[in-house]
Amino acid sequence: MTWLLLIIIVLAVVFIVQIGRARELASLVRGEKAEEFERNNFHAGLGMVFMISFLLICIVSFIYYIPYLLGWGPNTAASLHGPVVDSVFNTTLFFTSIVFFGCQFALFFFAWKFRGQKGRRAKYWAHDDRLELIWMLVPAIIMTFLVVSGLQAWNEIMADVTPEEVAGEDYMEIEATGMQFAWLLRYPGRDQKLGTKHFTKIDGTNPLGQDWTDKKNIDDFQPSEIVLPVGKKVRVRINSRDVLHNFYLPQFRVKMDAVPGMPTYFVFTPVVTSDSMRNRYKGYDNWNIPDKQNPDKKRWEAFEYELACAELCGRGHYSMRRVLKVVTAEEYAEWFDGIEGTSHYLNNVRGTDKDPFKDVAKGELEFEQLLAQKEIVKAELASLQEAMAAAAGESLSKMEAAETKVLAALKIARTTLDVAAAKKAAADAKAATMSVLAQPEPIEAPATDSVATDSVAEEKPL
Ligand SMILES: [Cu+2]
């Protein structure tokens, strides 16, 4: 049955083709061009219809996708240099759009206008100096403008930090190392200095090849996500352990290859916190649908900035994703406080055969002492706050004054590299809490009626 159908179809096709040929021959014999001219009219008209609908689809789809396009709708840049990148893109888009629409129009319009018609003959034109001048000069001027403004933007965006700028004060430095298939992140710790490393030192417990004899490595930690304080300039050192990867932060317009054996960098300043970005997306329909990974939440609620790999680096390329959070300076200090104790050295190397400071008793290393002093200040703060929650009235203001002192001590304990300063801060914190807690002053009862009657009622039996 199938065979029979197939044969019928083949025969039908052959039949149609033969008829077409016969008609062509017939019209040739009769010398009639009329039919050809009619076909020309029809096809030229179809071309015009196609052009108009194609250009309309281009415009409509552009408008439809605006909420998804970087640089448009809610996706304006979240970094300081981002608007420069966007403006270069948009300027280029402006000129290429003119060329695109002009070319498409000319292509179909000329095919229609100069279609073969009865009595029309082609005109021979050797060349036209004026025309050639125009089509050489106009693109040359536009290209020069695009290249020069692009170069200016490039120099502005790719500028490194200057030697006068101090790490930790004017900017912070972090490190991202690409490998198949993950990003290894490293923060410099409270000394703000990334320790040295060498690829020959890479092993099971030392994924980055850090040199443990370098004390700058002791407080370096490796978080699973990037957290950055808003408004702070960040310099990212970008490395690769194996093949080409690419450090890509789309919302920040940051994109740089990670090249094995050749460190690269990118300096940028995040200016929109994750929370503000979520608020921005809240107003858009395409962000108000359930999130794919987290169906209980809307897309805008589940939004996090992401670090992606933008270099097709192998089978697991898609999994090279890390969350990036931009937070306020206070939130950053809290996060840093909680995570600095996860120092890779302290948790994986300290006390093992690979530890060059094995002989130093545990707890005696400078960094360990600093962490311990910080814990003392935090404990003082906790007890003070606990007492404040219970107290009321006049003593509260005294406690608040003490709290301010302890918070100042905490700031020192969190950031200092000086054990003596940390010890002094801890002592100050202790003294401040003691002054309030050790000799509890008569806490005046709040002047509410119920409490007043209660105390009177209690006193009566005595
Ligand atoms: Cu990759």
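Here is a short chat about the predicted model shown above.

User: Hi! What kind of model is this, and how many helices and strands does the protein chain have?

Analyst: Hello! This is a predicted model, and its protein chain has 12 helices and nine strands.

User: What radius of gyration does the protein chain have, and what would a compact globule of 462 residues have?

Analyst: The protein chain has 36 Å, whereas a compact globule of 462 residues would have a radius of gyration near 23 Å. Taken along the principal axes, the C-alpha atoms fill a box of roughly 130 × 65 × 65 Å.

User: Thanks! What share of the residues is buried?

Analyst: Buried residues make up 20% of the 462 in the protein chain.

User: And of the contacts between residues at least 6 apart in sequence, what share joins residues at least 24 apart?

Analyst: That share is 66% in the protein chain.

User: Switching to the sheet of four strands: what is the order?

Analyst: The order is E2-E1-E4-E7, in an open sheet with mixed pairing. Strand E2 (182–186) and strand E7 (264–268) each have a single partner strand, so one side of each is left without a neighbour in the sheet. On average, neighbouring strands here are turned by 25° against each other, direction ignored.

User: In which sense do E1 and E4 pair?

Analyst: Strand E1 (residues 171–179) pairs with strand E4 (residues 233–240) in the parallel sense, over eight bridges. In that region, Ala176 stands opposite Ile238 in E4.

User: Helices next. How do H3 and H4 pack?

Analyst: Helix H3 (residues 82–113) and helix H4 (residues 129–157) pack at an angle of about 170°, with their axes 10 Å apart. Because of that angle, H3 is roughly antiparallel to H4.

User: Which residues make the contact?

Analyst: From H3 they are Val84, Val85, Val88, Thr91, Thr92 and Phe95, and from H4 they are Ile142, Leu146, Ser149, Gly150, Ala153, Glu156 and Ile157. By class, this contact of H3 with H4 has eight nonpolar, four polar and one charged residues.

User: Last one: where does Thr416 lie?

Analyst: Thr416 lies in the loop between helix H10 (394–415) and helix H11 (419–437).

User: Which residues is Thr416 in contact with, leaving aside neighbours within four places in sequence?

Analyst: Those are Leu370, Ala421 and Ala422. As for Trp300, it is 116 residues from Thr416 in sequence and 39 Å away in space, C-alpha to C-alpha.

Note on methods:
Residues are numbered from 1 along each chain as its sequence is written. This is a predicted model: local features need pLDDT of at least 70, side-chain atom pairs count only at pLDDT 80 or more; totals for chains, interfaces and linings use all residues. Two strands pair if DSSP finds at least two bridges between them. Helices (H or I, at least four residues) and strands (E, at least two) are DSSP runs, numbered from the N terminus. Axes are lines fitted to C-alpha atoms, for helices over the stretch in contact, and angles run from 0 to 180 degrees between N-to-C directions. The radius of gyration is taken over C-alpha atoms; the globule rule is 2.2 Å times the number of residues to the power 0.38. A residue is buried if 20 or more other C-beta atoms lie within 10 Å of its own, exposed if 12 or fewer, and partly exposed in between; C-beta atoms are placed from the backbone. Two residues are in contact if their C-beta atoms, placed from the backbone, lie within 7 Å. Angles under 35 degrees count as roughly parallel, over 145 as roughly antiparallel, 65 to 115 as roughly perpendicular and the rest as oblique. Ala, Val, Leu, Ile, Met, Phe, Trp, Tyr, Cys and Pro count as nonpolar, Asp, Glu, Lys and Arg as charged, and the others, Gly among them, as polar.
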